[in-house]
Each structure stands twice: as structure tokens, then as C-alpha cells.
Amino acid sequence: MLPWGGISCCLSAAALYVLGRSSGRDADALKSVARVTQLKDLAMLIDAASKVLPLVVSVSGRVGSDTPIKCEYSGLRGVIVEETAEQHFLKHNDAGSWVQDSALMLCMSKEVPWYLDDGSGRVYVLGARGATGMELTVGSELFEESGRSLVRGTLDYLQGLKMLGVKRTERVLPTGTPLTVVGEAIKDDVGTVRVQRPHKGPFYVSPKTIDQLIANLGKWARWYKYASIGFSVFGIYLIAKHTLGLILERRRRWELHQRVLEAAAKRSGKNGDDVKDENGSETTKSLMPDLCVICLEQVYNAVFVPCGHMCCCTACSAQLSNCPLCRRRIEQVVRTFRH
């Protein structure tokens, strides 16, 4: 039987090690990006580094847009708005009780062109919704109770449903929110500076500063490392314990076998009889008397159920809870008789 506990711990340690290495690489990648303190300098930096593309930079500023979206329920103005509507209801299960459940009715997302502004210049951001660290603020949560007619309510009840209402949630990236964006800086044909996801490298849109992002990734990398070491040590301990148990079990069986042979030799007065095989050569045939493996005095006459081993006398069997050969639990002892 394989030590699945130890193997699982070692596999978990390997997964944590990979996550730690990934977080460490991301932290090193963020340390190597070019930090732009003023957005007005980014265009000149792109021109100077045009031969070393892609240019991955870190920029900071406040969110702005020429055509912001006005949220329907909260009244906030934002550049990215997500609206969801969930139908909440009670469902009659097989046990005869009512349990609460929900189903997504609507999921809508809107985004307008937006930029970061630090007072010295603007930088447009592309593809921010797929960036790491992107978080939308909950603008409003509204629960509308179900106002269905009596007929519709009766039909739903017959189908095992009780409608409670609809929960509408608005998530928004409001204008004026301070953000840090890490990505590839480019300049289009008309000279507009943009930051987008690089083909290879980090892409972050986060309210945290670049130093906070690096510190957070470093913290997770260390945590993954220590957790990986802990799981590795525990997994190796479980595997070593299982292996040692197998070795001791084999040794115990070997010693038991040797005791039987010694008892046989002592009882018969010799270790074996010389006999001849078909070719006429002499061989030694070991005597294996039917002795109890516990006391080595009485003949074994008890069968263990359910393993079926017969290796002990009835007197010794009464004191055992596990079979001495396979270590399986003894549920019943059946006495046998010989002619």
C-alpha cells in the first residue's frame, strides 16, 4: 500500500514551490520596470527607447475620461461599469424542506476610453479588465422583492419554487481613483501614449503603489517557500514512517519464520533430512512442523476470520486481536480438528 498521505504532502509542496517561484519572478520583474514619476516624460522615454522595445513602465495617476459612464443606481461616474442581476428564490428539495438558492439573470459590462492623469500629462490604458490586481468598487446593491401575480406565484409554487426577489449589483471604477499601472508603453500614429498588456512581462492595474506590489509579492513568495518546506518535511516524515513500518514488518515475519524453523529443529532433533531428487543429487528438506507461532509448543488449530490464516493454537488465539501474519483484525476464531 502506497503512503498516499506523504505523497500528497510532497505534491502540495511542489505546487507551493512553483507558486513561490512565480511570485518571486513577478517581484523581480516589477523591480526591473522603468518608473515614470511624471507622465509628461513618458513620450520622450518611449522615443529614446524605441530600439529596445517593448518598454515596460510603471505609471501612476488618477482615473479620468472624456465620456464617463453615469451609473443608473448609485449615480457614480466611472470608466468601467459592471451590472449583475441575481434571482433569489426558495427551492423545495427532495428532503421536503425549502433551501435558498439564486440564479444569474443578467451580467453586463461597459467600458469607455480612459486615462491616467497626474497633472503633468495623460496616459491611456488599454485592456485593464484583464490585468492583475484590477478591482472594481461596489457602487450599489439593491434588492427588489418579487411582485409577481397570484397566478404566477401559484405556478411557481407547484413547481417547487418561491420567488424572493432580484438582487442588482453595480461595480464601478470611478473617475478620480488613484491607480498604478504596470505595462508596455507605446505611442500610436497620432502621438497618443498608451499602456497595454505586454507580450511578455507583468501587467498590473492596482490601487497599490509599485513598492507595495513588490513587497506584497515578496511576502507571498516567502510564505509559499516556508509552506513548501513544511509540507516537504511532513511528507518525507510520513513516507519514512511508512517505509520503516514495512521494514519492521518484514523483519518481524522473518524472525517469526526463524523461530518456527528453530522450534522444528529442536523438536525433531535435526534441521532436515537428506533426500535425493530425480537426478540423484542430495538435497536438504527443511521440516516445518505445525507449531503455534506464538508459544512454539502446541500444534496450531485455530483459523482467523476473515483473513483465513491458521498459525496459532486456541489458547494463544484468545489473547490476540490482530492476525500475527497479516496484522488484519480478528473478528472470529474457529477451532479446527485433525484426524
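This is a predicted model: local features need pLDDT of at least 70, side-chain atom pairs count only at pLDDT 80 or more; totals for chains, interfaces and linings use all residues.
Biologist: What makes the pair of Trp 223 and Tyr 224 stacked or edge-to-face?
Modeller: Their ring centres are 5.5 Å apart. Pairing needs centres within 6.5 Å, so these rings pair. The planes stand at 75°. Over 60 degrees counts as edge-to-face, so that is the name for Trp 223 and Tyr 224.

Biologist: How do you know that Trp 223 is partly exposed?
Modeller: Its relative accessible area is 49%. Exposed requires over 50%, and buried under 20%.

Biologist: Why is Trp 220 called partly exposed?
Modeller: The value for Trp 220 is 37% relative accessibility. That lies between the cut-offs of 20% and 50%, so the residue counts as partly exposed.

Biologist: Where do Trp 220 and Tyr 224 lie?
Modeller: Both are in helix 4, residues 210-268. They are four residues apart, about one turn of the helix.

Biologist: How many aromatic pairs does the rule give?
Modeller: The count comes to five. One of them joins Trp 220 and Tyr 224, with 5.7 Å from centre to centre.

Biologist: What makes that pair of Trp 220 and Tyr 224 tilted?
Modeller: The angle between the planes is 35°. Stacked needs under 30 degrees and edge-to-face over 60. Trp 220, Trp 223 and Tyr 224 form one aromatic cluster.

Biologist: How do you know that the charged end of Lys 162 sits over the ring of Trp 98?
Modeller: It is 4.4 Å from the ring centre. The distance limit is within 6 Å, and the charge must also be within 35 degrees of the ring normal. Lys 162 is listed as sitting over the ring of Trp 98.

Biologist: Which ring has Arg 194 over its face?
Modeller: That of Tyr 124, with Arg 194 at 5.8 Å from the ring centre.

Biologist: Why is Ser 140 called buried?
Modeller: Ser 140 has 15% relative accessibility. The cut-off is under 20%, so Ser 140 counts as buried. Ser 140 lies in strand 8, residues 137-145. Leaving aside neighbours within four places in sequence, its contacts include Tyr 73, Arg 168 and Glu 170.

Key
Residues are numbered from 1 along each chain as its sequence is written. Side-chain values use heavy atoms; hydrogens and water are left out. Helices (H or I, at least four residues) and strands (E, at least two) are DSSP runs, numbered from the N terminus. Buried means under 20% relative accessible area, exposed over 50%, partly exposed in between (1.4 Å probe, protein chains only). Contact means heavy atoms within 4.5 Å. Rings of Phe, Tyr and Trp (its six-membered ring) pair if their centres lie within 6.5 Å; planes under 30 degrees apart count as stacked, over 60 as edge-to-face and the rest as tilted.
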